[in-house]
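Q: Could you walk me through this one slowly? I would like to ask about a few parts of it as we go.

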Amino acid sequence: MKTPDYRSKNDILRLQRWDLLIGNPNMAAATVQELRLVDDLLAFLETRGISSMEALSAQEFLKFDSRNGSENRLRRLKHAIVAIFPGHPSVLALEEAIRSREAKRKKKSKPKSRRLSKSVEFDQLPSAWRKAFADMDAGFDQNGELPPAEGMMDTHKMKMRQFLFSARAAGLPDALSTETVRAYARDLRNRGVAPGTLRSSFAAVQKFARYVAAGTETLDLLADLVRIYEAQARKVKSKKFNHLQKTGYSPVALIEQARDILQGSEEHVCPRSRHAQRNRAAALALFSVMPVRLADTRFVFGENLFWTGTQYTIETELSKSGYAWTTDIDPRLNVLIDALILRGANPAWLDHMRQTCLAEKRSLFINIDGTPVAYGYVSDCWRREVGTGEHIARTVLHTFMGIEMGQAGTDLAMASCGQRNHATAEAYQGEALAMAQRMKGQAELREIANQGELEMFEFK
């Protein structure tokens, strides 16, 4: 049985390990229970030969409290550390220890095997199809058809996996035929897929069908479907132009929005909510000026995200083209990355925690438990704030730079997006550029009107 702890504040503060904290105002405000808990921890550090609290891991906290099966004492210790050492980074490891105790208490359900509802596994594709994809991966052309770009291979494979799922659901053989193409078309239409997505889906199947020399009727049907949905996609006003209005057609407006989100994060009592807002603020601001594809948003300290001493820099390879991409992040955005490093800790610990992130190769965006976020996380952050995924950032940047600097701005936007083809830039600007130019013209007209005689602009 553990002996009750009756020590007073004076008994505790008389110990040598508290000498460095003499005069600290937090000592007077701390309760005797808080001091007892923290003193127990400091005594534990001495027996373990650990020189500082910031070196503690979640496992060390669990060893410190090994006699208990619940997380109650660790929770009390957390409140004590926050009271005596506000903003101390050891709280992050302590929270991880608390979560691990909670997880043990909860009954773990047997994980269910993932069931694909709209596609089949790649290894279920016919062997001839898998061989064709192997040839594509190797860069071989076949039947006069070049393979897709390396960065688009996964997309083409996914489309054929969906295609085979639709064929099998309709009771048809595993083959490229007019019947299976129509079954795939019915499935896509029933899902309410947008015309632009329908066009790209049929174009991917068409490219594969040409590569494997499918029958003439099948190729003709696919060509017809691509033409039909190409025309429909041009007629349908893209939803992205509605979402663009929420961005202000400007990365600057998005960065200001991100700053507001970051500042508002501290108003939340729940640590999970504060953490989520810090992540959303950084995702919105960083990728408004670095509008890379979703696959390229997974930054890792020490692998593709580095610290130069004054600013952060990115050195990576773009997933679609394999193009080497290096850029310095504007120092005014440092505060957003710093917030993801500190995770609520006192800024005095920034240098130490940054070096730890670089040494451990920690992901920039992590969950509250320290694990890397899901693949689509950045787009989910954008969807919450803007109404659509992170891909719209490319349109925003092209629109903004095209208006402000003309062709020179377009060239800069292409460099920021890792693009080389001017046709791609035109596609991203499109109607959005014309719309934003009209808005800018109207704003300038109002400014002129405010400076002059309003009657000049009135119809008689």
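Q: Which residue in S3 is the bridge partner of Glu 315?
A: In this model, which is a predicted one, the bridge partner of Glu 315 in S3 is Thr 326.

Q: And how many bridges join S2 to S3?
A: Strand S2, which covers residues 312–317, is joined to S3 by five bridges, and the two strands run antiparallel.

Q: What is the order of the strands in that sheet?
A: The sheet is an open one of three strands in the order S1-S2-S3, and the pairing is antiparallel. Strand S1 (305–307) and strand S3 (324–328) stand at the edges with a single partner strand each, so one side of each has no neighbour in the sheet. From one strand to the next, the twist averages 20°.

Q: What holds strands together in general?
A: Strands of a sheet pair through backbone hydrogen bonds, and the pairing can be either parallel or antiparallel.

Q: OK, on to helices. At what angle do H14 and H15 pack?
A: Helix H14 (residues 271–289) and helix H15 (residues 334–342) pack at an angle of about 150°, and their axes are 9 Å apart. Angles over 145 degrees count as roughly antiparallel, and therefore H14 and H15 are described as roughly antiparallel to each other. The crossing of these two helices is left-handed.

Q: Which residues make the contact?
A: From H14 the contact is made by Arg 278, Asn 279, Ala 281, Ala 282, Ala 285 and Leu 286, while H15 contributes Leu 336, Ile 337, Ala 339 and Leu 340. Sorted by class, the contact of H14 with H15 has eight nonpolar residues, one polar and one charged.

Q: What does Ser 201 touch?
A: Leaving aside residues up to four places away in sequence, Ser 201 touches Lys 159, Tyr 184 and Leu 188.

Q: Which residues of H17 are buried?
A: In helix H17 (residues 377–386), the buried residues are Tyr 377, Val 378, Ser 379, Cys 381, Trp 382 and Val 386. Gly 387 follows H17, and its phi is positive, near 105°.

Q: Last one: how many helices and strands does the protein have?
A: The protein has 19 helices and three strands, and buried residues make up 43% of its 460 residues.

Conventions:
Residues are numbered from 1 along each chain as its sequence is written. This is a predicted model: local features need pLDDT of at least 70, side-chain atom pairs count only at pLDDT 80 or more; totals for chains, interfaces and linings use all residues. Side-chain values use heavy atoms; hydrogens and water are left out. Two strands pair if DSSP finds at least two bridges between them. Helices (H or I, at least four residues) and strands (E, at least two) are DSSP runs, numbered from the N terminus. Axes are lines fitted to C-alpha atoms, for helices over the stretch in contact, and angles run from 0 to 180 degrees between N-to-C directions. Angles under 35 degrees count as roughly parallel, over 145 as roughly antiparallel, 65 to 115 as roughly perpendicular and the rest as oblique. A crossing is left-handed if the near helix is turned anticlockwise from the far one by less than a right angle, and right-handed if clockwise. Contact means heavy atoms within 4.5 Å. Ala, Val, Leu, Ile, Met, Phe, Trp, Tyr, Cys and Pro count as nonpolar, Asp, Glu, Lys and Arg as charged, and the others, Gly among them, as polar. Buried means under 20% relative accessible area, exposed over 50%, partly exposed in between (1.4 Å probe, protein chains only).
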